[in-house]
Amino acid sequence: MSNDPSKTTPAVDAMREDWAVVDPLMNGTKGMRAAGTALLPKWPKEDVEAYKARLSASTLLPAYSETVASMTGGCSLSRLPLARTCRPESLS
């Protein structure tokens, strides 16, 4: 691993491929609509006006961004056992 902050690890480089999908989804319906055909493909025989109508009617439930927000730091939420000598007497 390099100490040069301008260099990334192969793991980060691999994750970058997914950011093109993740970033718009984190921005909800507006982000999804702005991404257009990258996230909502146009059907082969769908004309431009029909696609625009379908895109403007499409919504994105905020479950993705809410899940990411609620899970961030989740690994640090587990309870650690305290030694008896560390507990205040009022909790014993």
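1. Helices (H or I, at least four residues) and strands (E, at least two) are DSSP runs, numbered from the N terminus. On this basis the protein has 4 helices and 0 strands, and from the N terminus on its elements run α-α-α-α.

2. The model is a predicted one, in which local features need pLDDT of at least 70 and side-chain atom pairs count only at pLDDT 80 or more, while totals for chains, interfaces and linings use all residues. Residues are numbered from 1 along each chain as its sequence is written, and side-chain values use heavy atoms, with hydrogens and water left out.

3. Two totals describe the protein as a whole. Of its 92 residues, 12% are buried; buried means under 20% relative accessible area, exposed over 50%, and partly exposed in between (1.4 Å probe, protein chains only). Contact is taken as heavy atoms within 4.5 Å. Among the contacts in the protein with a separation of 6 or more, 38% come from residues 24 or more positions apart.

4. Just after α1, G28 adopts a positive phi of about 70 degrees.

5. The pairing of α1 with helix α2 (residues 28-35) shows an angle of about 135 degrees, with the axes 6 Å apart. Axes are lines fitted to C-alpha atoms, for helices over the stretch in contact, and angles run from 0 to 180 degrees between N-to-C directions. The two helices α1 and α2 are therefore oblique to each other; angles under 35 degrees count as roughly parallel, over 145 as roughly antiparallel, 65 to 115 as roughly perpendicular and the rest as oblique. On the α1 side the contact involves P24, L25 and M26, which meet G28, G31, M32 and A35 in α2. By class, these residues are 5 nonpolar, 2 polar and no charged; Ala, Val, Leu, Ile, Met, Phe, Trp, Tyr, Cys and Pro count as nonpolar, Asp, Glu, Lys and Arg as charged, and the others, Gly among them, as polar.

6. Y64, in helix α4, is partly exposed, with a relative accessible area of 34%. Apart from its neighbours within four places in sequence, Y64 is in contact with V22, L25 and M26; the C-alpha atoms of Y64 and V22 are separated by 9.2 Å, although these residues are 42 apart along the chain. M26, in helix α1, is partly exposed, with a relative accessible area of 34%. Residues up to four places away in sequence not being counted, M26 touches Y64, S65 and V68, and M26 and V68 lie 8.6 Å apart, C-alpha to C-alpha.

7. V21 is a further residue of helix α1. V21 is partly exposed, with a relative accessible area of 39%, and its C-alpha is 7.3 Å from that of L39, 18 residues apart in sequence.
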